[in-house]
Amino acid sequence: MSPPRIGGLSARLAAGTPAARAEATFGLLRGAVALAGASTLLVTVGQAHGQRTAFTVAVWLHLLVGVASLAAVVPLSRLRTDASARRVARVATVLDVLLYTAYTIGFAAHPGAGTTYGVFVLLIGPVRWGWRGALVTGLPVALVATFWPQQDITGATYGTVQTWLLIALFTVPAAAITTLSRRAGGRLRQAQEQFRTAFEHASIGMALLDEDLCLLQVNRSLGQLLGAAEEDLLGTPLDEHVVPEDAELLRRALGELSSVRPATRLEVRLARSDGQPRWGLVAASWLAGSSGVPSRVVLQVENITDRKESEARLSHLATHDGLTGLPNRAMLRSRMDGALERGDRLGVLFLDLDRFKIVNDGLGHAAGDALLVAAADRLSQVVRPGDFVARIGGDEFVMLCYDAAAEEDLVRIGVRVLAALRPPVHLEAGSDVVIGASIGAAMAHADDTADSLLRDADTAMYAAKAAGGARVQMFTESLHHAALRTHELETDLRRAVREDGLRLVYQPIVDLATGRVSGLEALVRWYHPLRGSIRPSEFVPVAEQSELIVELGTWVLRRAMLDAASWPRGIGAPTTVSVNVSPRQLTTPGFPELVEGLLAETGLPGSRLCLELTETALVGDVAPVVHALRAIRDLDIRVAIDDFGTGHASLSYLTQFPVDTVKVDQTFVAGVATDAGSAAIVGGVVAMAHAFGLRVVAEGAETPEQLAQLRRLGCEFAQGYVLASPMAADAAAGILGAAAGIERLVPAPRESRSTEPRGGLDEARRYRLLLDCARDVSACLDLDSVLERSFLALRKVVNFDGGSIQLVEGNVVRLAATDPPAPPEALEATVPLGKGISGTIAATGEPRYLPDITIVASVQENAKRNATSGGVRSYYGVPLLGEGRVIGVLQVDSTEVDAFDEQDRLLVLSFASVVASAVQTARLFAMELSMMTDERPR
């Protein structure tokens with residue numbers, strides 16, 4: 001038979017069920033046994049002459065059974081169900097038994113080949129059904145052989161015992177072997193079915209590879225993962241379905257599989273026909289071959305695309321800024337470390353945006369984020385090929401400039417960066433904002449590290465910002481020495497705090513009414529063993545820049561409370577000790593509890609402690625400050641605002657703070673006796689503080705004239721060298737309650753000309769109304785609103801018939817607003833600064849005549865011709881002081897306002913300071929806004 005026919009026959013034989021194939025096999029055996037019996041009979045036919053006819057019939061019978069059995073093989077093998085095969089098996093068994101019985105009975109007296117066929121019939125039962133089959137065929141065969149003993153071709157027969165023994169020897173082992181084989185086969189088929197089911201329906205891709213790593217068998221999941229049909233994958237090399245960069249790695253890993261290394265795992269990128277990126281986790285296992293069976297590789301491919309994409313996103317987030325998409329500090333450090341290890345010529349530009357806080361606070365955080373994104377885009381565009389830019393936090397960026405030959409090249413790059421940032425940025429808030437920046441530049445040297453290089457560039461950046469910003473500052477040795485000195489100072493200060501190397505001195509606070517010491521302010525001093533005495537103005541800012549201020553403040557607080565607890569009580573009210581507290585220390589979590597613990601530790605009553613905080617603590621986020629102060633006040637501790645007047649807070653702002661005392665800064669006290677502006681500011685602070693029920697302490701009094709003026713202005717307490725210098729704790733204890741030797745230097749305020757309250761309001765109500773008006777004016781951020789509300793407020797608190805506000809603009813004084821309103825041409829009149837206002841106006845601090853730009857027509861013409869003021873209508877004027885200089889004049893055109901009446905004088909002076917502060921705030925706001933929006937200020 002030709003090979004194609006053999007292949008076709010094999011295919012037809014394999015088409016049926018396993019049971020059908022078993023029956024076909026039994027048919028082949030039956031045919032072979034029958035034909036073998038016929039052959040045996042043909043051999044012996046010549047020896048049995050008298051029985052030729054019987055032998056001929058037996059031969060033909062064997063041939064008939066053999067041919068019929070062989071003819072039934074193909075139909076039997078193609079049975080489609082196990083039930084059909086079982087029915088055929090039962091019928092075939094019955095026919096075999098009947099045929100054997102008939103043959104044995106018919107030829108019992110003649111020698112023949114029936115015993116051979118009998119053995120087949122005897123064994124077919126146990127082979128088919130095990131122990132049950134042994135009875136089905138063994139019992140009939142045994143009975144037939146007992147009653148009709150069959151002669152073999154030699155004529156010999158077996159006895160009954162021999163027959164039953166032979167039948168038992170044939171059937172029992174056959175049944176046992178069949179039973180065991182069926183069980184093993186069932187388990188094998190079950191395992192094969194389970195494997196086939198798991199293979200076909202697995203959620204991960206699976207494949208069987210040959211020795212050449214070609215796909216022999218694949219499942220549906222692998223086809224979906226590779227984007228191809230299963231039949232298209234069969235026979236193809238595995239590395240064709242992996243990107244070229246990973247194909248060699250996969251082939252090498254699979255080629256190393258053996259009995260020594262039976263498994264491997266690796267991640268590869270899969271190649272799909274649609275080009276979609278896919279990642280696969282390949283797990284391969286080695287299946288060793290046996291005789292005639294080649295080795296195979298079982299492959300499992302898990303789709304890990306989502307995991308790899310998540311890892312990529314996490315890796316990007318770990319090394320990049322989430323807002324701008326630029327590399328972050330971690331990636332910057334890695335790049336710098338690599339460049340420094342290679343010895344590259346590296347330059348660093350440390351960039352910080354100028355006035356970014358104004359945009360963030362004024363236009364909102366969304367506008368601030370948009371500005372940062374715009375700045376990042378421009379930096380990315382201006383950076384040279386191969387250079388690197390990163391955002392390291394807030395509004396700070398760093399650029400790494402490779403192959404920077406000299407400092408001049410680095411500065412040139414920085415200037416180009418500033419130019420690229422300069423064009424306005426249009427924000428969704430509706431404003432065009434100009435980005436300004438301060439840049440610090442530093443060149444890498446042989447012994448530099450990433451930290452030292454960033455520190456040097458950061459130091460240079462702060463120097464650029466201190467110089468006005470919008471510039472590039474190269475790091476120099478002097479900056480390095482200054483930074484080094486700051487670092488050494490911080491280190492030595494930290495050691496001094498921990499080793500009790502500081503000391504406290506105390507400056508008396510004197511009651512100006514009684515002349516006695518009412519309290520002491522604790523002042524920290526530091527005598528360095530090598531550098532000598534170091535001023536607080538030098539080491540306190542260093543502590544403020546680090547967390548050391550908290551440790552330093554705690555040391556000062558504990559030392560002062562211990563000293564105060566040991567002092568004797570003063571005459572009259574108990575003497576208090578005042579201790580300065582930094583805003584950072586005040587808002588540190590647990591600070592009120594710390595103070596409470598120190599009170600218990602030292603035994604000092606809370607009423608004898610006063611905590612002073614600077615005015616800068618009252619701006620920004622005041623919620624934690626208010627919370628801390630209220631907890632402090634619950635301990636019966638006094639609270640004072642130190643250096644008042646030098647920051648951005650106002651007296652009206654103090655309504656939300658639980659404070660007791662306002663301390664006027666010494667810069668205003670120094671000029672209170674000689675400068676009208678200082679006198680006006682101090683008088684206004686005193687008047688409005690009293691309206692709030694606060695005490696006023698003047699700092700830095702150095703002359704008797706200053707003390708006299710302070711008493712005239714109503715200030716209750718003062719401290720300064722004219723009274724007493726700071727002294728040690730023991731010396732301070734000796735002066736508690738003692739008189740400071742001051743006299744009454746000014747007469748009592750003159751009596752009011754009328755006993756009736758002015759404007760129908762008593763003094764307390766007028767001050768409360770003044771405070772409300774001051775809040776209304778201070779709340780304005782544009783100049784026109786400030787001027788308009790100022791006149792409205794004055795009409796509420798005094799008998800104000802009219803007046804004007806003149807402002808200094810450059811070298812001239814301009815009429816800014818009038819009440820009643822002036823004609824438009826009057827508002828165009830100006831007076832040279834020297835003609836209208838000088839720096840020595842009202843040297844005594846008293847309101848007096850000041851030149852006015854009148855609104856009378858005849859005087860307007862004269863002013864136009866001579867550029868001077870030709871007359872006045874004001875009864876008196878009050879200078880408006882801002883930042884220690886005259887910025888304008890408030891003219892009062894009313895004879896009902898008495899310049900020498902204590903109430904009128906303090907009210908107008910106080911209100912003038914409010915107007916001056918509001919004007920300055922409005923101007924600064926307009927200036928900052930115009931700078932950020934690239935518009936000219938008005």
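## A pair of facing strands

A390 stands opposite V398 in β8. Five bridges join β7 to β8 (residues 396-402), and the two run antiparallel. Here two strands count as paired if DSSP finds at least two bridges between them. Strands are DSSP runs of E with at least two residues, helices are runs of H or I with at least four, and both are numbered from the N terminus.

This is a predicted model, in which local features need pLDDT of at least 70 and side-chain atom pairs count only at pLDDT 80 or more, while totals for chains, interfaces and linings use all residues. Residues are numbered from 1 along each chain as its sequence is written, and side-chain values use heavy atoms, with hydrogens and water left out.

## The sheet around them

Let us step back to the sheet. Five strands form an open sheet in the order β7-β8-β6-β11-β12, with mixed pairing. Because β7 (388-393) and β12 (472-474) stand at the edges with a single partner strand each, one side of each has no neighbour in the sheet. On average, neighbouring strands of this sheet are turned by 20° against each other, direction ignored.

Helix α15 (residues 365-382) packs on the sheet and touches β6, β7 and β8; contact means heavy atoms within 4.5 Å. The direction of α15 makes about 5° with that of β8. For such angles, axes are lines fitted to C-alpha atoms, for helices over the stretch in contact, and the values run from 0 to 180 degrees between N-to-C directions.

## Two residues with positive phi

Most residues other than glycine have a negative phi. L213, although not a glycine, has a positive phi of about 60°. L213 lies in the loop between β1 (205-209) and β2 (215-218), and is buried, with a relative accessible area of 10%.

R355 also has a positive phi, near 60°, and is not a glycine. Its place is in the loop between β6 (346-354) and α14 (356-362). R355 is partly exposed, with a relative accessible area of 26%. Buried means under 20% relative accessible area, exposed over 50%, and partly exposed in between, using a 1.4 Å probe and protein chains only.
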